[in-house]
Amino acid sequence: MTTPPPALLIAGHGTRDEAGAEAFRDFVRELGARHPELPVAGGFIELSPPPLGDAVTELVERGVRRFAAVPLMLVSAGHAKGDIPAALSREKERHPGISYAYGRPLGPHPALLNVLERRLDEALGATGGRTPLDRADVTVLLVGRGSTDPDANAEVYKAARLLWEGRGYAGVETAFVSLAAPDVPSGLDRCVALGARRIVVLPYFLFTGILPDRVLQQTEGWAAAHPEVEVRAADVIGPEPELLDLVMERYEEAVKGDLRMNCDSCVYRIALPGFEDKVGLPQQPHFHPDDDDHHHHGHHHGAHTHAH
């Protein structure tokens, strides 16, 4: 009798935006449909149903004893480094006998860079009577989520650099929508200071949600105040085939134990200037204020140690 392959558990950020949460749930369903040989479930760390614990329970009720968890996240910040490992260890206590491998976040993978390039091409195209723009005349502003973790923010800069290399844009600058500088208006100001007259704002987000909507609002507000600059907004990555394939690639890595997570610039391991006090600290997950300005999420994360 052959041992069945480990199940796939997909872990998401969570959002108060129902369309964004439903996009995640649709993505999980699509992965399950594409891989009928594999039990697939998904849940959120905060803010949206179902919680990650319910997804684990669903797998256990289907007879699963082994699974690989893949964070559906572009960068390795607090959720991927701390919250998900803590949630998984809690589920291991709740369901004796289960075992799991933990995968790494998605970006900046070449397949995702190809999708970002496609989103830029769509924004540069001749839509709504507009003239298609030449890449050499266009500066891209890649906008990440933003984190209090410098390593996570640095990964967005890495994605921007990889997007710039070899693709012929005038430049690719970086900004963040929350918790880190520069913010979107400052990023746009920087593009202009560097000589840009045509800018495409590219959200570095997987699905729609409150923060990508805020990127668009801030872009439109800035553009209205600067009519001399042509500004276009690109779409989020979305549930593209490349994303479905990449999640399976991360699943296979986790199952085989080939993880290669980047610990070189992690503040919990390395004394980075200004962050020396974080080395070796147990990581306390924190509420992300910009997900929801009015409500704390309804469940409690205990303190736990940083895990890779």
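Helices (H or I, at least four residues) and strands (E, at least two) are DSSP runs, numbered from the N terminus. By that rule, the protein chain has eight helices and eight strands. This is a predicted model: local features need pLDDT of at least 70, side-chain atom pairs count only at pLDDT 80 or more, and totals for chains, interfaces and linings use all residues. Residues are numbered from 1 along each chain as its sequence is written, and side-chain values use heavy atoms, with hydrogens and water left out.

**Whole chain**
- Of the 308 residues, 54% count as buried; buried means under 20% relative accessible area, exposed over 50%, and partly exposed in between (1.4 Å probe, protein chains only).
- The protein chain exposes about 13700 Å², and carbon and sulfur atoms supply 54% of that area. Accessible areas come from the Shrake-Rupley method with a 1.4 Å probe; for residues, only the protein chains shown count as cover.
- Among contacts (heavy atoms within 4.5 Å) with a separation of 6 or more, 75% link residues 24 or more positions apart.

**Strand 7 and its partners**
- Strand 7 covers residues 198–203, and five of its six residues are buried, so the rest of the structure largely encloses it.
- Strand 5 (residues 139–144) runs parallel to strand 7, joined by five bridges. Two strands pair if DSSP finds at least two bridges between them.
- Within that pairing, Leu141 stands opposite Val201 of strand 7.
- Strand 8 (residues 230–233) also runs parallel to strand 7, with four bridges.
- Here Val200 has Arg232 of strand 8 as its bridge partner.
- From strand 7 the chain crosses through helix 7 to strand 8, a right-handed β-α-β crossover. Right-handed means that, with the strands pointing away from the viewer, the path from the first strand over the helix to the second runs clockwise.

**Trp222 in helix 7**
- Trp222 sits in helix 7 (residues 210–225).
- Trp222 counts as buried because its relative accessibility is 6%.
- Beyond its neighbours within four places in sequence, Trp222 contacts Pro185, Leu188, Asp189, Val192, Ile199, Val229 and Val231.
- Ser186 is 36 residues from Trp222 in sequence, yet their C-alpha atoms are 9.7 Å apart.

**Helix 2**
- Helix 2 (residues 52–61) has Leu52, Gly53, Ala55, Val56, Leu59 and Val60 buried.
- These residues lie on the same side of helix 2, because they cover an arc of only 160° around the axis. The arc is that of the directions from the helix axis to the C-beta atoms.
- The buried residues pack against strand 1 (7–12), strand 2 (40–44), strand 3 (66–71) and helix 3 (78–94).
- Gly63 follows helix 2 and has a positive phi, near 95°.
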